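I set down here what I looked up in this structure, entry by entry. The entries follow the order in which I consulted the model.

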Amino acid sequence: MSEEKSCDLECAICFSNYNNVFRTPKVLDCGHTFCLECLARMNMKSHVSEAIQCPMCRNLTLVPKDGLPKLGNDPIVLSCLPEAMQKIQSIRFSRDKGKLFVKKGPRSQRKNEKKKVRTFFISTVSQSLDVGHPAEPDSDRQQGQSYWCWSHNRWFCIVTIIVILMIVGLLISSIWVFRVR
């Protein structure tokens, strides 16, 4: 059973099979594994680009200085992939553009492998992948305005407004009753 679990070849977020390009199995500090594409999408939606919060256990993993693709690969999952997919492609992540890019190898390497590998690679893998736009700050905060009540606890704010309206209503009704007398 432990061997079956260790060779789980699907990302727990998108349920897609791992591969050696954009869906490379990346392991977080907590030990959970997800594909690079899903982690990049999570990073794009986060206001904090320096860390990834595990969707399973909520532990934080710091993003390496060189970027998200430099997170460690899961060697157990990689060993379960077909032999041709065990060599990881070099990927670059641009958070500003919201894209993952396949890096081109050194010129001499490309020249030697150009005919047989390059043709296969171009036909099977896109050179970039759009993972979304960076999370935008709240429009109120962007304009320098901050509504503490709404940004911290909406239910507290709603209850407070209802209580204030009830007090104002009681005051108005008591003033009206005393005026009528």
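In which loop does K70 lie? I located K70 in the loop between β4 (60-62) and α3 (75-80). I note at the outset that the model is a predicted one.

**Entry: positive patch.** I looked up the surroundings of K70 and found that K70, R92, K97 and K103 form a positive surface patch. I recorded a relative accessibility of 47% for K70, so the residue counts as partly exposed, since that class lies between 20% and 50%.

**Entry: overall layout.** I then turned to the protein chain as a whole. I listed seven helices and seven strands. Read from the N terminus, the order of elements is α-β-β-α-β-β-α-β-β-α-β-α-α-α. Of the 181 residues of the protein chain, I found that 25% count as buried.

**Entry: the β5-β6 hairpin.** I examined how strand β5 (residues 91-94) meets strand β6 (residues 99-102). The two strands run antiparallel and are joined by four bridges. For F93, I found L100 in β6 as the bridge partner. Four residues stand between the strands of this hairpin, and there G98 takes a positive phi near 70 degrees.

**Entry: salt bridges.** I asked how many salt bridges the structure holds. The structure holds two. In one of them, I found the side chains of R23 and E37 meeting at 3.2 Å, N to O. This pair links distant parts of the chain: R23 belongs to the loop between α1 (2-6) and β1 (25-27), whereas E37 belongs to helix α2 (residues 36-45), 14 residues apart. I also checked the cover of E37, which is buried because its relative accessible area is 8%, under the cut-off of 20%.

I next looked up the contact of E37 with R41, whose side chains meet in a salt bridge at 2.7 Å, N to O. E37 and R41 are four residues apart in helix α2 and are therefore separated by about one helical turn. Through salt bridges that share partners, R23, E37 and R41 are joined into one network.

**Entry: nonpolar patch.** V159, V163, I167, L171 and I175 make a nonpolar surface patch of about 450 Å². I placed I167 in helix α7 (residues 154-180). Its relative accessibility is 46%, so I167 counts as partly exposed.

Note on methods: Residues numbered from 1 in each chain as written. Predicted model: local features only at pLDDT ≥ 70, side-chain atom pairs only at ≥ 80, totals over all residues. Heavy atoms only, no water. Patch = residues over 30% accessible without salt bridge, like charges linked within 9 Å, V, L, I, M, F, W, Y side chains within 5 Å. Areas by Shrake-Rupley, 256 points an atom, 1.4 Å probe, with all protein chains shown as cover. Salt bridge = Lys/Arg side-chain N within 4 Å of Asp/Glu carboxyl O. Lys, Arg positive; Asp, Glu negative; His and termini not counted. Charge placed at Lys NZ, Arg CZ, Asp CG, Glu CD. Buried < 20%, exposed > 50% of the residue type's maximum accessible area, 1.4 Å probe, protein only. Pairing = 2+ DSSP bridges.
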